[in-house]
4 protein chains.
Amino acid sequence: MKILCIGDIVGRPGRRAVRELLPKIKEKHKIDLVLANGENAAGGVGLTRKVTEELLSYGIEIITLGNHTWDNREIFKFIDDDQLPLVRPANYPPKTPGKGYRIFEYEEARIGIINMLGRVFLGDFDCPFRTFDQIYEKIKDETDFILVDFHAEATAEKMAFGWYLDGRATAVFGTHTHIQTADERILPGGTGYITDLGMTGPIDSVIGVKKDVVIEKFLTQLPKQFEVAKGDVQLCGIILDITEVSGKVRDIQRIQENSYND
Amino acid sequence: MKILCIGDIVGRPGRRAVRELLPKIKEKHKIDLVLANGENAAGGVGLTRKVTEELLSYGIEIITLGNHTWDNREIFKFIDDDQLPLVRPANYPPKTPGKGYRIFEYEEARIGIINMLGRVFLGDFDCPFRTFDQIYEKIKDETDFILVDFHAEATAEKMAFGWYLDGRATAVFGTHTHIQTADERILPGGTGYITDLGMTGPIDSVIGVKKDVVIEKFLTQLPKQFEVAKGDVQLCGIILDITEVSGKVRDIQRIQENSYND
Amino acid sequence: MKILCIGDIVGRPGRRAVRELLPKIKEKHKIDLVLANGENAAGGVGLTRKVTEELLSYGIEIITLGNHTWDNREIFKFIDDDQLPLVRPANYPPKTPGKGYRIFEYEEARIGIINMLGRVFLGDFDCPFRTFDQIYEKIKDETDFILVDFHAEATAEKMAFGWYLDGRATAVFGTHTHIQTADERILPGGTGYITDLGMTGPIDSVIGVKKDVVIEKFLTQLPKQFEVAKGDVQLCGIILDITEVSGKVRDIQRIQENSYND
Amino acid sequence: MKILCIGDIVGRPGRRAVRELLPKIKEKHKIDLVLANGENAAGGVGLTRKVTEELLSYGIEIITLGNHTWDNREIFKFIDDDQLPLVRPANYPPKTPGKGYRIFEYEEARIGIINMLGRVFLGDFDCPFRTFDQIYEKIKDETDFILVDFHAEATAEKMAFGWYLDGRATAVFGTHTHIQTADERILPGGTGYITDLGMTGPIDSVIGVKKDVVIEKFLTQLPKQFEVAKGDVQLCGIILDITEVSGKVRDIQRIQENSYND
Ligand SMILES: [Fe+2]
Ligand SMILES: [Fe+2]
Ligand SMILES: [Fe+2]
Ligand SMILES: [Fe+2]
Ligand SMILES: [Fe+2]
Ligand SMILES: [Fe+2]
Ligand SMILES: [Fe+2]
Ligand SMILES: [Fe+2]
């Protein structure tokens, strides 16, 4: 079974990348299932119902989130709609709207999807390591395999989390930094790992944002209104090839596909 | 002219990686000059004179540093020895020992090397953007090309810095996160760029450190003595192919080479 | 000469505190000059021209600012109007609008006012220690005494800054934490010092903000729209008694005055 | 019943302050019980058995801790010795050595003592708000009153925590910043509150540390070995006057007592 995991989709250009590139990628790589991080999909921060439906219409089947989950307040209206395949970080406090993990069925397979936030440089959430342990105990017998989107900043926390899950999760992929890392591998216990999937959005940008505005902010230290950049776009992610019997990763492959303006 | 830039060398395993892999890489790629980040070369943090000389004996010709520059206090004894090709971050306060940029000569070429620290999540240094401007004005007429090691954490700061230098520096490569990124490219103004070179050190580790200790630290939040990991090693970096006439990058290529234990 | 220095004025309740309490305080303590931190005066963050004029109409004569200086974008329109006695943090980059220090004249005395931001936990500004040195060299001969509003978070940075200025500044008072400290003293070199003036605004609040919203934010880690609290108000600050001849502080006295609703 | 709560005791000078000042304070104010924060008592960071016993011999009866709890590794040997009246922060992960809350008996009264760490700017601990709720449910029926040492940095987190506990805890006092705040009060629900008790240690210092070294660190950004300062000392804290019947605070009073060298 081949699963495509797409890194943070940033605004309209990110959605355009999905629309233009996903069909070709699915066909070329014979993708069975498509997951994407959608925390920046609506205007650069957060998600709306309309944007969610747009992403689903392009072929994305599962959407994970991150620290920007709540930045468009519309999400409080639809995050509990179980018809939408949304998974928000699991280590928010109890009673947080939405679900931190879900089990999706694809043909015969029961696929556990967990979204988790790192804490280093990011915020005050429950311990991601212990939260994973708790969820794992609940779902390990009800799932054929488990994928984890670890939305985190610091490379040390991400690598440590990968090692901690090695042999339990089928794959752990990082998101949030918007820059793809070149360290995809299968850990000794069989877990597929990459520190960051990278971003899906405008190429000539600072992690999706208009570069002049970000440079100006660093130079002046004044507040600046960020704006999603324009121009050519890129889709970044990984393709996991999973042995359905064992739930182990046979192969993990990075992809970066570009779509150019006319 | 081909320049190999090697990411943070971590302790004894990192030095072993250099010793075992550098000769082959130099020969295979016809490397003219070798630069490396040495901030973790002695026992995981900092640098000693002995380790510096060891690295030079393996063929490294220029050593840049980072936030761990001063962690082995022996460095205060030799950082001002101009015989040693050391460059420490330029945006420390005036009067800081050592030099933040230097001009090296290689055959006909005068090569400006700048080391710089990011500030986001890292510390209170002078503005790297303005510090670059000042150094650039001083050395642009005395150099044929300029390479910048931007030792920083946040991807946004690194990308913004790359764009800010585009057309002025020959190349900007990030260090510090110890995970290689897959975003090497030549920016529109001609500057070679990558967000992080990655680490040179033990493969089965958390950014060079024994993984069990780091996991334990995340689980317990208690202080832990970090220790450099053991086992197979990797050398990470980039090869820049520079047109000597224009000082522009013709090509930027990532490398990851492994050396396995017997 | 007696100078009243008022801590961060928060929104409408803070302005009401000034309106209702300042006349009595001025009379009771025979205040000659009134300075206040205004970074939160307009709606809790930032400053408008109207609010500035309102504060001046109540008897405030000098307004310093802080990390919220730019949060109401209207300030870019009037911060360079020299008719308004505004002083913004001095350690923003060169070319920042406004002035980081100014010399005001009161009767015979030339009073240097410096506003400065700390960096620890606050942001990436120029070094406040070196920035003070530079300003001090410029103005020491043109002023009879110098007052410094050090807008900073960490107690260690604030105390260190106080000691660093001891004997050069007439007084250094901290702002920003919105909680008055009980450590007012005259340092051995003669400089008056307090770590924080405290806040001028609603008493039953979390540093000026409605307490239920802040508690909710800590409990849920979800984004919350902060709102200035209501109810009884307090004015916090210090009274400096300065010997005009020497420019030294004779006395530093904390004040906290309340105004209750009917 | 009168309880004296002493702020962070820093090293030998802090212990000297206790030895010289505590007997007089106890007598003058007719103190029934003495609690102190001991996280800096041994050499400036952490605690040893010998220092613990020294503090007990001076009349301290309960010792709370903070983020420096584990900095002297000797503590792992004695923190589980229930003969010693130690309470470490409660929001470390389960299985952490020591106890996060304890019930002490004094004459007829059962006194719950809770130590808690803030998270803002401090570290990745369990939510202090929810951790308090859990402990409170366990001990509210077994205690006559509850005192909470909230060891935290940010004033907003401390105030919010105070309000959250108002009506449940008898008193909440902050520690960690080493600067006493002037905001002691009884909240509307009856809980005594102060943002920080202040430090017990050398007066002419930066929060207990030799001031020249701290200034040097801010100026150079180089690593510096901190050293506890010398000279005259101060004991800072509060005296809580508690009505034994209701467990409510009748009065909260700040104290700062100095002891001068010969
Ligand atoms: Fe993102
Ligand atoms: Fe994110
Ligand atoms: Fe490093
Ligand atoms: Fe580093
Ligand atoms: Fe403020
Ligand atoms: Fe502020
Ligand atoms: Fe402390
Ligand atoms: Fe502390």
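1. Donors are taken here as N, O and S atoms within 2.8 Å of the metal (3.2 Å for Na, K and Ca), and water is not among the atoms, so sites may look incomplete. This is a predicted model, in which local features need pLDDT of at least 70 and side-chain atom pairs count only at pLDDT 80 or more, while totals for chains, interfaces and linings use all residues. Residues are numbered from 1 along each chain as its sequence is written, chains are lettered from A and ligands numbered from 1 in the order in which they are written, and side-chain values use heavy atoms, with hydrogens and water left out.

2. D:Glu39 bridges the iron ion (ligand 7) and the iron ion (ligand 8), which are 3.4 Å apart. D:Asp8 counts as buried because its relative accessibility is 0%, buried meaning under 20% relative accessible area, exposed over 50% and partly exposed in between (1.4 Å probe, protein chains only).

3. In chain A, the protein donors of the iron ion (ligand 2) are A:Glu39 (OE), A:Asn67 (OD1), A:His151 (NE2) and A:His176 (ND1), lying 2.1 to 2.2 Å from the ion. This site is irregular too, with angles of 84 to 151 degrees, and A:Glu39 also coordinates the iron ion (ligand 1), 3.4 Å from ligand 2.

Definitions and conventions. Four donors count as tetrahedral if all angles lie between 85 and 135 degrees; four count as square planar and six as octahedral if opposite donors are over 155 degrees apart and all others between 65 and 115; anything else is irregular.
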